[in-house]
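Please look at the sequence and the fold that follow, and then read the report below, which goes through some aromatic pairs, a core and a helix packing.

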Amino acid sequence: MTRRSGEPAGPAPPVTGIPAQIRPSAAAVGSGVGSQRRASIGDQPSTARGRRTRQQLLAAARAVFERDGFLNARVADIAAGAGTAHGTFYTYFDSKAEAFRTLINEVMESGLYAPGRPSESRADGRAPTAEEAVRRIDESNRRYIELFQRDRRLLALFEQVASFDDELRRYRLELRQRSVARAAGGIRRLQEWGLADPKLDPELAAHALNSMVTQYVYFWLVMGQDLDKEESIATLTRLWARSIGLPMPGE
């Protein structure tokens, strides 16, 4: 049996606002005092104290969500964890759902779905070699796995909540499409340089390869399969590279 790698520690990512596509509508925000203050503050408070309070609330929300799950998480517990009054939470967030969306956006935008660069040209403007393209695929897989290891509890909740929260479902699909589009563009450029199989449909190949990596990592790091990190990266890289026609170095 292969060895299961440990979960590396990592710093919490910086806080950013929610993109327009997953912000609550004006009707959902309401017209109470907390809503009015929140509207005046916006996604990023203008004062250092406001930014600090908002970040404390997000850190507390993360701890509560990871401990209790989304459905059982309570705003009162989030506020208590942040050391603020219950009403202070509503100065910065309309609901626990909005706080959860903010956390998910931060994880995603911090690089989880950032594409690899197997198709970038070299610094001298020339096409990469097959070996360089494979190395970049390997680096991309390693980055994806390490970021998922860092945030796997929150990301497991994301998959669950996206099944019943329409806004997070749309955001999940948007992230998937962004990842597929970038991978398809990379495959297309490798085809133009004569490095990838010209018979492949770049978009369909990108869908299949994206699914391979994300499902592999989900069953390993969320469902708890006993797999080795280095062996996993090497295998995913080989499967990705060989499936699009790239030879492995030394072969």
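Tyr216 and Trp220 both belong to helix 10 (residues 202–221), where they are 4 residues apart, about one turn of the helix; helices here are DSSP runs of H or I with at least four residues, numbered from the N terminus. The model is a predicted one, in which local features need pLDDT of at least 70 and side-chain atom pairs count only at pLDDT 80 or more, while totals for chains, interfaces and linings use all residues. Residues are numbered from 1 along each chain as its sequence is written, and side-chain values use heavy atoms, with hydrogens and water left out.

| Residue | Relative accessibility | Class |
|---|---|---|
| Tyr216 | 25% | partly exposed |
| Trp220 | 0% | buried |
| Tyr218 | 19% | buried |
| Phe219 | 37% | partly exposed |

Tyr218 and Phe219 form an edge-to-face aromatic pair, with 6.0 Å from centre to centre and 85° between the planes. Rings of Phe, Tyr and Trp (its six-membered ring) pair if their centres lie within 6.5 Å, and planes under 30 degrees apart count as stacked, over 60 as edge-to-face and the rest as tilted. The structure holds 9 aromatic pairs. In the pair of Tyr216 and Trp220 the ring centres are 6.3 Å apart and the planes stand at 75°, so this pair is edge-to-face.

Elsewhere, Phe65, Phe70, Phe100 and Phe164 form one aromatic cluster. The charged end of Lys96 sits over the ring of Phe70, 5.0 Å from its centre, a term that requires NZ of Lys or CZ of Arg within 6 Å of the ring centre and within 35 degrees of the ring normal.

The largest nonpolar core has 59 residues, and among those with the most contacts inside it are Phe65, Phe100, Phe158 and Leu246. Such a core is a set of buried Ala, Val, Leu, Ile, Met, Phe, Trp, Tyr and Cys residues joined through side-chain atoms within 4.5 Å. Leaving aside its neighbours within four places in sequence, Leu246 is in contact (heavy atoms within 4.5 Å) with residues including Ala130, Val134, Ile137 and Leu190.

Finally, in the packing of helix 8 (residues 152–161) with helix 9, Phe158, Glu159 and Val161 of helix 8 meet Leu168, Tyr171, Arg172 and Leu175 of helix 9.

Terms used. Buried means under 20% relative accessible area, exposed over 50%, partly exposed in between (1.4 Å probe, protein chains only). Helices (H or I, at least four residues) and strands (E, at least two) are DSSP runs, numbered from the N terminus.
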